[in-house]
Amino acid sequence: MPNRRHARRTHRDAAKLAAAGNHQGALAVYAHAEGEFRGCLAVHPEDRGTRSDFADLLGDLAASHTAVGEVAEAYAAQRERVTITAGLQAGPVERAAARLDLAEAAVAAGRLLTAAIEADAALSLFDDVDAAEPGSPGFATLGDAIARAARVYARAADPDLAVGAADQAARMLIAARHADPGGFGADGIGLDGTADLLRDSLRLAAALHAAAGRASHAKGAADLLARHFPGTAPPTAPIPLTLRAALETAMRMGAFLDPRLIDRLCPDPAGRDAPATISARCDPGLAAVALHSAEPAIDALAPTHPNLAWRIATEVHYLLTAADRLGERNLHLNFRDHGPAWLAMLMALTATGKQGPILTDLATALAELCERLRTRHAAADHEPLVVAATRFIAVHGDRR
């Protein structure tokens, strides 16, 4: 008979092995604890204590999978953990941490669509935190979260969004240092991982500003990096393909026909008010406008200019997902108009020749969208676009 106390004890034994660096041994013991917890939940599926303990186990299990290079298994564990944590109605900080862990696991696993969306959703849980007041509750925690999101955006989203987040995170973490020097080490840098996050934010900001030709901003970030982390140099980065650059290129090619929309979708990444989240880059109502302007361009660009198509389509997809999460009225009420265009935009990406886990992530996004189209009666199963999406999902969808 499964026993929660035994499951917890087995979890502790595995954690000790992991702390000693024996992650392979830990994984074997974690597997026993996982089986015990699943058995307990099969008998008492709504037991909150068991579900909370199981969520903790999944986080530790994911860390050991990551340590031995099993990134797909780590992603799966973090995905289940987020689902359980959401069901527990945990506090916003706990839920944000779980979603950021999932975002980072998704990046490692090549699931970039999930990574960017989860990072943005995590930051949205800090709506009550005053990001302009260093002494306010949660300020430093939000700074840490934005720094983590910046690292995710640098791999999975618009580089302009990543640099805006990195700049804001660095400002906040340095301000938090001055507001509460007692919470930091002898050099003024936090002892709890904040040091790594500040260093990464400054390195990322310096590299992306330099790659975009913003020399003065790059120098400012590099000077701060040298001051706080002597001997640490910023990396070099290739010229980034930003959403603005992709849209302007598509416009020159005659594929994108709404030049006035570009400035509204792409704020100055070097400005003091540069957005640090997907949700903040524009009014949520613009998401549907962007969709209908971009969808024909993506369809035209996908076969011949796949990188342009992916940058534009993914950023619009992120905006739509954020607007949907925020309850944007037009997107909800007129989903019968917007939903099929959204599906067509994502389906155009299947013609770009991309390979690898990103296709599994695309299949996941398509499956979720097809389900919404069915439940909202916005598209029938026999419609050609839904049929094509279903075939793609059958080939590339998750096998777990």
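The model is predicted, so local features need pLDDT of at least 70 and side-chain atom pairs count only at pLDDT 80 or more, while totals for chains, interfaces and linings use all residues. Residues are numbered from 1 along each chain as its sequence is written, and side-chain values use heavy atoms, with hydrogens and water left out.

I start with helix H16, residues 335-348. Helices here are DSSP runs of H or I with at least four residues, strands are runs of E with at least two, and both are numbered from the N terminus. The expected span of a helix is 1.5 Å times one less than its number of residues.

Is H16 mostly covered or mostly open? Mostly covered: eleven of its 14 residues are buried. Buried means under 20% relative accessible area, exposed means over 50%, and partly exposed is in between, using a 1.4 Å probe and protein chains only. Among the buried ones are Phe335, Trp342, Leu343 and Met347. The cover includes helices H13, H14, H15, H17 and H18.

Next, the cores. A nonpolar core is a set of buried Ala, Val, Leu, Ile, Met, Phe, Trp, Tyr and Cys residues joined through side-chain atoms within 4.5 Å. The largest has 109 residues, and Leu343, Met345 and Leu346 are among those that touch the most other members. Leaving aside residues up to four places away in sequence, Leu343 touches residues including Leu366, Cys370 and Val386; contact means heavy atoms within 4.5 Å. Another core, of 19 residues, lies apart from it and includes Ala7 and Leu57.

Now the rings. Rings of Phe, Tyr and Trp (its six-membered ring) pair if their centres lie within 6.5 Å; planes under 30 degrees apart are stacked, over 60 edge-to-face, and the rest tilted. By this rule there is one aromatic pair. Phe37 and Phe54 form it, tilted, at 5.9 Å centre to centre with 40 degrees between the planes. Phe37 is in helix H2 and Phe54 in helix H3, 17 residues apart. Both Phe37 and Phe54 are buried.
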